[in-house]
Structure formats: C-alpha cells, structure tokens
Amino acid sequence: MSIVGGRRALWALFCLTIPVPMWFIGPGQVPALALLQISAFMGALMLAEPGPGVWTAVWAIGLQGLFWAAVLYPIARLAASVLARVGDGRVPLAAVAAVAVVLIGLSLFDIYGARIIARGGPVNLFGVY
Amino acid sequence: MRAKTTARACFALSLIAATAAAQAAPFERTEQRQACADYDPLRRPFFGDLHVHTALSFDAATQDTRNRPADAYRFARGERVGLQPYDDNGKPLRSAQIDRPLDFAAVTDHSELLGEVRICLTPGMEGYDSLACIAYRKWPRLGFILFGGDVLAADAPQRLGFCGDGAALCLDAALGPWDEIREAAEAAYDRSSACRFTSFVGYEWTGAPDTRNLHRNVIFRNAAVPSLPVSYIDAPYPSQLWEGLEAACRSSVTGCDFLAIPHNPNISGGLMFLDHERDRPAFGRDYADRRRRDEPIVEIMQHKGESECKTGVGTSDELCGFEKLPYDRFGGQFDPRQVQPPTRTNFVRNGLGDGLLLEGKLGVNPFQFGLIGSTDTHLGIPGAVAEDRHQGHGGAGPIRGDGRPIGLPDNIEFNPGGLAVVWAEENSRDALFAAMRRRETYATSGPRISVRFFGGWQLADDLCSGELARAGYAGGVPMGGELPALPSSAAPRFATLAMRDSAGAPLQRIQIVKGWQAGDSIEEAVYDVAGTPGLGSVDTATCKISGEGHDTLCVVWTDPDFDPSARAYYYARVLEAPTCRWSTHICNEQGVRCDDPSTIPDNGAGCCDDRYPKVIQERAWTSPVWYKP
C-alpha cells in the first residue's frame, strides 16, 4: 500500500473510531466522523426545519468534527511514515489491518459517551452510529 | 340481587351526604362524588405537587423517561416506579418510591409538541420518517434543541414542518396523549368518601421567548376540560393564554374552570413581573384584573431553583441566597454567553412589591398572588423531594451496577424541588381548587412543615394557647386574604403557628416579611418573630443534625412600624434548623474528598464547587396577607 493510501486508510480509521472530546452541545467523547455525520444530517434538516437551534447544531458540531479530523490527519500521516519505514517505503497492508483490528476491537467496548448520542451510560461504536 | 340493592342504597346515601355537605361547604361543588368523610370546616393542610412531567413531554422523552401519567399518579400514591436508564430488555436500572404519599397531584406535561412527540415515537404514523423525527429519536439532545429551542424559545413559535398544512397531523396526534392525561387523572382520583387522593387534569404552557421563562401550569377544576390544551404556539403571550382558555374552557365547556400558575420567575430573564408583556406597552386595568383572577398563585420553589428573592437584588435579606441558579434565563444553562445577572423582576418578593405600586396606578393589583412549591420532575415522580435520596429530576447520568449514580445525578445548581400545600376543608377537587383560588396555600422547599398564618386587627395575645384556627378565621383572614378595613388607629396583628415535619429537622424560627409602599418605591423589612436565629447545626461529614430546635412555634405579632396610609403585604417564612444539601449526601456516600482529586468521580465535580453550599435551611413560605388603606 502506498504511503498516501496508508495515510488515508489510517486517517479514516482514526476518524471512525478514536473517541475525541466534544465540548459544544456535549460534553462527551465520540469519533470525529460521528460529529461530521450529525452535522451533515442537521444540515439536511435545515432545509425542512430551518431554525436557530438547528443552525447552531450544524456549525457547532460540524466545526468540532472538522477540528478533530484536522488534528487526526497529521497523526495518521506520522503513523503511515513510521509504518512505511518498516515496509521499505510502502505501508504494509498487514500493519494497517492490524491497526484496524485493534481500533475496531477497542471500539466494541463502551468507550464512547455523550448526551448527544446516548441517553444514559457509555456506548460502543454501534451505539454511536 | 341483594348486592345490587345494597349498592343502590349506598349510592343514594352518598348522594344525600353529598347534598348535605353541599349545603354546608363554603365552596361550590361542580362534580358528582361521594362526600368526604373527614370534612373539616377549619381546614387541613394537604400536600401535593402541581408540576409533573412524564414521557409525554418532549424533553422528558429525550431523557428516556418512560413513566407515563398513570405511573406518576401511582408514584404519588405511594407505589414504586422504575427510572431510567433501562437495559436492553426495557428493565429499569433504578427505581423510586415516595416516603409518604401525596394528597394531590397534577400531571402537567408540555402542551406544545404533544402530537409531534407521539408521531416521532410511533412507527407507522405519518411523519415518523421525517428528518426531524429521525433526529429526535437518534440524537435526543439535538431533538431537545430542535424541538425546544426552535419552537418554545421562539418569539413567534411555529409548528414543525412535518405537521402539515394547518398543523393538522400534529393536532390530531395530540388528542391521544391529551386523552391519556385526562384518563389517568380520572383513574387516580379518589371519588369515594375516603378522599385519599386528588388528581387534577393539567398541562404546561411552555413559552420562553429568547429562553426567558414565562411558563405557566394550567390546572383545571374538574373533568370538564377543553378538547386540546391552549399552547404557546396557539397563544404566545400569557394574556392570550388566559383569553384562549376563557374561550376554550369557561365559554365552551359546561363546568370548565381553570387557573394558571407561573413558575420560575428566577429564569424569566426579568420578564415575569414587568408592568407590560415583553414587547408590548404597559398593561391596563383589564390585564391586571385578568391576571389577578386567572393567576392567583405562583410557584416559588422547584427543581430549577427558588424564586423568592436574591440578596443584593432589591433586598439585603441574608436568607435570600437559598437554592439560587447562577443564571437568569434558561439559555444560561447551556450557553455561557447567555449568563446574565438576575434583575429584580426575576423574583417573587419584588413582584409582590411592584404589585402594590401598580395597584396604586390601576386600581387593581395584578401581582396579588399566593405561593406554592412543586417539583417540576421530568421523571414522573411527583413529590420526590427528599434531600437524602435525590435521584435527579431529569434524565440520568452514568450509574453503577447497584443503580446508584456515578457522581451527581443532577446539575449541581438544581435541587429536589418543593411541595404545594393547600388549606382546604376536604381532599376533593372543588375544595382544593377553591382554596387555590382564594390563595390559601403555601410553599415548602420539601419538608411537610405545617403553617397557619392569619392577619387581623384584634387577634388576641393568647391565641397560641387556644383554638388558633377557629379564632383566626373568626377574627381575621387566613393567608392569601386581604385585611378588612382599618377599624381605628390599630396596627395589624398576625398569628402564625408552625409545626415541624416529623420526618424532618426541628424548626429554628419564624420570620414575617413585610413590604410596603413608600411613595413611588417599595420598602421591605424582615422580622424574626419566634424561635432563635442560629439554632441547630449539622455535621457535613455525617449529615447528623444536633443542637436544639422547636417542634412547634407559635406567635401573635403586631407590626411595630405600621403606616395606615401605605399599602402593604405580609407573609411568614418558617425556617428549619440546618441540614445537608442533597449534593452533600451523595458526595459523602461516594467518599468524595475534595483534597484528593482521585476520589472525585465522573459527574462529581459539583461536590467540590464552592459556589454551592453543603448545608441548607429548608423552609416554608406562606401566601401573603395584604393591607389596603
């Protein structure tokens, strides 16, 4: 796998699974991708039910999602570089798969939680999306 | 055959009894029911809760509250009910039971969005698959913002788009929950001669323009009620609510009558006691008349804070720091930019004073109201006010396996709420409603303190050693009343009898709060009239109380500074000895030590927030007695 491909794959994995702090309309910890998903949904809802509350949700959640996606990108880039050194200039598919297994495995535990996505206690990845 | 005959005989006897009582009762009987066996012409205090939300409320549903109106009444009558969170099988992981049943209650779900919530939570209903409903189900907190913020905090509230033309879908859907509320109230009402429990049909009108709370609970006198509530969407100003109810209730439904109870002036952003309706010009006598008639009582204490007064905001009363919120409007809870210091029109005592001034201008006092407390529970548990077992009144945070919360189960600034107390001859809808209308009510911050308060010109010094109630009614007026015309150059006298809650702390003292007109302004004074300041103490580490206190306090007090030419109000405030606040109980149970951060659990930061006291003084506030020159 090329470095670019590896970097993108890791970034997507990170955005999908790593719990990041949520401040506005939170608090809690959810994946960055979940924030972007909610923001996109609320953006669509703006067409049907325009209002200041929906608009606030779109930008407040969307900005947080974008912020964390931006933070996770250089981390993915660094991880891909490290893996590429091990793999003679290419990112070993097995390594990416291993990272995926670890992250998804961890995400099956109840490591996420925010009132925006869960009514009570912590939830796992399925509870998020 | 014999059973049938016996039943008929009993029914006939009960009707005869009811007729006999109807002749004697000082209130109008508007419903068919058996006469109460323990009718007392000198009246008794009945404890209740007139502010209760269940799963039918849009916000309670987003907190996963599943108790419905019938469950709330079961709880009020003493049964155990489940609380969120629920496991995958729908089994509640917490439960609650009141220590002593209430005498009365009203489920007051938010009238706005009753239909919308039903549509969003009922598969197959038209609108269920709308984006708004998907968001409401999938992200409840966003649903709260969408439904609550964009509808109930709007200046000109609109129905959500999926309600269709003329909102027909949502209005039609609202009939179901409204019927459920009515039927649950009817099923819970004890129409037998035992008169154990009274339920009222009610709802909450939920207007909060710009998140400034103007909410009112509407309580109907009996089972004759409108086909649907008049909501904030239908009537965005309080005066429109009264007009709407006049049309939909008194003018349209035989036997229908109502009263509206404002609550949480403390988070009204100063709107609650203005001389005008937010963006409208100053109101006149018609408005004042209607407000005085249709809003005879105000809820002074509940889960989201106490609204009597605030030290430094129109008063120097040092006991006005009780259960205060750090913001003056709803928005301050969610958005730091909206945190504003409260103004004087956020508080009941200032409203009472301004009412005297307005009476001078208009000839009618629009703020001549009595007082009650309630919980505003959003879990469907009316009367759950105990500080030592508070489970929150909205939603649930994380809990441990044994059902106890991790950290605090509620925002640190909130509290378990208060109770409404009504002096009535019997526990029936007509008797309680008539008492509320004449303002013979009082509020407590939770304990079942019993308080009598009479005003008069010639109340005897030895009233406390005799039959205070009989003499008080004969020679004066009870709380909520107006002193009769001044007979001579006398000063008014006030008789107050307070008895402690047998399950609470001893009493510390009685105070009388007086406000009077001094030209174009209001002066106030607080008199310690019985008991001793500083009596009693509590160990915050164990919450054990110690020291002296009183089981009963009684006093006949004469106003030493009476000015016959000045309008005035007087009310009594009864204070218990200090006890632990709810948060102190929970923080102690969880072993929190603020000098060791490792002992502070998630959701437990409030345990060490110095802005909130570890000790409180529970209390009762009577409705005022007014004097007019």
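Modeller: Two strands count as paired if DSSP finds at least two bridges between them. Keep that in mind for this predicted model.

Biologist: What makes strand 5 and strand 6 of chain B a pair?

Modeller: Four bridges join strand 5 of chain B to strand 6 (residues 216-220) of chain B. The cut-off is at least two bridges, so the two strands pair. They run antiparallel. Across this pairing, Glu204(B) stands opposite Asn217(B) in strand 6 of chain B.

Biologist: In which sense does strand 4 of chain B pair with strand 5 of chain B?

Modeller: Strand 4 (residues 104-107) and strand 5 of chain B pair in the parallel sense, over four bridges. Here Val107(B) stands opposite Val201(B) in strand 5 of chain B.

Biologist: Why is strand 5 of chain B called mostly covered?

Modeller: A residue is buried if 20 or more other C-beta atoms lie within 10 Å of its own. In strand 5 (residues 198-205) of chain B, eight of the eight residues are buried.

Biologist: How do you know which faces of strand 5 of chain B are covered?

Modeller: In a regular strand the side chains alternate between the two faces of the sheet. On one side of strand 5 of chain B, Thr198(B), Phe200(B), Gly202(B) and Glu204(B) are buried.

Biologist: Now a contrast. Is Asp179(B) buried or exposed, and why?

Modeller: Asp179(B) lies in helix 7 (residues 168-188) of chain B. It has 11 other C-beta atoms within 10 Å. The limit for exposed is 12 or fewer, so Asp179(B) is exposed. Its C-alpha atom is separated by 8.9 Å from that of Leu228(B), 49 residues apart along the chain.

Biologist: How many bridges join strand 13 and strand 15 of chain B?

Modeller: Seven bridges join strand 13 (residues 450-456) to strand 15 (residues 493-499) of chain B. With a cut-off of at least two, the two strands therefore pair. In strand 15 of chain B, Phe494(B) is the bridge partner of Gly455(B).

Biologist: What do chain A and chain B each bring to their contact?

Modeller: 20 residues of chain A are in contact with 21 residues of chain B. On the chain A side, helix 2 (32-48) and helix 3 (52-86) of chain A give two or more residues. Helix 2 of chain A gives the most, with six residues. The chain A side divides into 13 nonpolar, four polar and three charged residues.

Biologist: What about the domains of chain B?

Modeller: Chain B is divided into domain 1 (48-444) and domain 2 (450-627). Their centres, taken over C-alpha atoms, are 25 Å apart. The contact takes 37 residues from domain 1 of chain B and 37 residues from domain 2 of chain B. Helix 11 of chain B supplies the largest share of the domain 1 side, seven residues.

Conventions
Residues are numbered from 1 along each chain as its sequence is written. Chains are lettered from A and ligands numbered from 1 in the order in which they are written. This is a predicted model: local features need pLDDT of at least 70, side-chain atom pairs count only at pLDDT 80 or more; totals for chains, interfaces and linings use all residues. Two residues are in contact if their C-beta atoms, placed from the backbone, lie within 7 Å. Ala, Val, Leu, Ile, Met, Phe, Trp, Tyr, Cys and Pro count as nonpolar, Asp, Glu, Lys and Arg as charged, and the others, Gly among them, as polar. Domain bounds come from an automatic or database domain assignment.
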